[in-house]
Amino acid sequence: MATDPQYDEARGEDSGSGDPRGEEGPRGEDERGENQQGSPERRLFAPTPDTEKRTLADILRTETVGGVLVLVAAVLALAWANSPWGESYATAAEFVPWPGGEFLGLDLNLSHWASDGLLAIFFFVVGLELKREFVVGELRNPRRAVLPVVAAVAGMVVPALIFVGIASTAGGDALSGWAVPTATDIAFALAVLAIVGKHLPSTLRAFLLTLAVVDDLLAITVIAVFYTDDFHPLPLLGAVLPLVAFALLVRLRGPWWPVLLVLGVVAWLLVHESGVHATIAGVLLGFTVPVLGKDGGEPGPAEHLEHRWRPVSAGFAVPLFALFAAGVSLGGGGVAAAFSDPVVPGVMAGLVLGKLVGIFGATFLMAKFTRAQLDANLSWWDLVGLSLLAGIGFTVSLLIGELAFGAGERGEHVKVAVLFGSLLAALLASVVLGVRNRAYRRTHPASDG
C-alpha cells in the first residue's frame, strides 16, 4: 500500500501485480527490480502485495460508500440549515437528550454527542487500522514506510505554515486553528477517486490509503496534545484499568462482546472526564486489539472487529457527525462575512495549495535525492491529482475547527472554509485525475484500477 524509495522489493513479493506488462518486468530487469548489470533500481510506488489486496479492497469499498453517505449528509445539513426550517436545525443540534447526566459531564447536546461519542467509533476503526499497518501492513517496514510518512508529515506541515502566514493578520484566537487544514478525509477522497478514476493504477489508491492512515495518526496526536483543555490526570490514569481489561478480554474466544462494550464505554467516559478529547479513547482501544491469531498466522480479532465496526463508522457515525457539523447558514451575507475573516482563505489555501505543495513536493524531492525512479506505469501528473485529492479535509478538519473555535462566529467561518476548500480540492483533483483516467483507459482498455 505504500512505496519503497530504496529497492522495489515488492516486485518479487507480487510479480505482475498492477503491472500490465506481465511478470517479467521492464526489459533488462529481473523480478527483484535489478537490471542486467546487477545494479539495483530504486523505484517509487511498488505494486501492492497479494496479502494486502483483499484487505485493501474491503476498506476501499466501505470507505467509498461511506464517502457518498457523508456527502449526502453534508448536502442535507446545508439544505436544512438554509431552508425556511433552519431554526429547527439549530434546535435539533442543541437538543440535550440526557439533562440528568450533568454530574458526569454528559449533559451534551446532539452535536456534541456526534463529535465526542459517535466519532469515537470512527477513531476506534482508525486505531485498528493503524495497529494492522504497523504489524502486518506497509508501515512495518521502515524503508517501505518512509515515503508515505514523509509525504504525510509534509502534507500537514506545509498547510499549517500557509494557514499561519495568512491568518496571522487576523489577531485574536485565529492562530489556534492552525491544524484545521492539515487533515485528509479518506472517505470523501476515495469516493471521488472511485467516480473519476476507475482506470487509474491500484498503487495510487494504496498510497492514498497509507498516506491517510499516517495522516490520521498525526491528527490524533495533534488533537491529544494541542486541543486538550482543563486536563485532569486522575480520570486518565483510571482509564488504564478498563483499557487493560479490554486488552486481556479481547484475546479470549467467546461471547464476551457485551463486556467489551461496557469496558469501552467506561474507558471513553474516563477519557472524556480527563479533558482529553473523548475520541482518543477509541484509538487507544483499537491499539489494544491483537492483529494476528494465537498461532501467528491466521488473522486475529482486529480484522474481525474492523469488519464489524467499519460499516457502522462509515455508514452511521461519520454521516451523522457530518449532518450536525456541516449545517452552516450561507444566506444573509454569511459567506461574504466569512471570507472577510483571514481564517477562511487560510484554511482554503492550506487545504488546496498546502496539500499539493507538501505531498507532491515531498515525493518529488525524495525521488531526486534518492535517485529513485517513478514506476513506469505512473506519471507525475497522477501525483499532482492525488495531492489535490488529499486536500479534501472534511471530518477531522471540522472536528478540529470545533475544538479550536467552538460554536461561535469564527467556528461558523471555519465550517465555510472547510466546505469550500474541500469542494475546490475535489473539483481540481477530478479534472486532473479525470484526464489521467482517460489516458489509462486508452492505454489499457481492459484494465480497471
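Reader: Which residues do ring pairs link into a cluster?

Author: The cluster consists of F360, F364 and W380. Rings of Phe, Tyr and Trp (for Trp, its six-membered ring) count as a pair if their centres lie within 6.5 Å; planes under 30 degrees apart are stacked, those over 60 are edge-to-face, and the rest are tilted. The model is predicted: local features require pLDDT of at least 70, side-chain atom pairs count only at pLDDT 80 or more, and totals for chains, interfaces and linings use all residues. Residues are numbered from 1 along each chain as its sequence is written, and side-chain values use heavy atoms, with hydrogens and water left out.

Reader: How many aromatic pairs does a search of the whole structure find?

Author: The search finds nine. One of them joins F188 and F394, with ring centres 5.1 Å apart and planes at 85°, so this pair is edge-to-face. F188 belongs to helix α6 (residues 186–196), while F394 is in the loop between α15 (380–389) and α16 (395–405), 206 residues apart. Helices are DSSP runs of H or I with at least four residues, strands are runs of E with at least two, and both are numbered from the N terminus.

Reader: Why is the pair of F360 and W380 called edge-to-face?

Author: The centres of F360 and W380 are 5.8 Å apart and the angle between their planes is 80°; the pair is therefore within the distance limit and over the angle limit for edge-to-face. F360 lies in helix α14 (residues 343–370) and W380 in helix α15, so the pair ties together parts that are 20 residues apart in sequence.

Reader: What makes F360 partly exposed?

Author: Buried means under 20% relative accessible area, exposed means over 50%, and partly exposed is in between (1.4 Å probe, protein chains only). The value for F360 is 21%, so F360 is partly exposed. W380, at 26%, is also partly exposed. Both F188 and F394, by contrast, are buried.

Reader: Why is H272 called buried?

Author: Its relative accessible area is 15%, which is under the limit, so H272 is buried. H272 is in helix α10 (residues 257–274). Leaving aside neighbours within four places in sequence, H272 is in contact (heavy atoms within 4.5 Å) with G105, L106, L108, D116 and A278.
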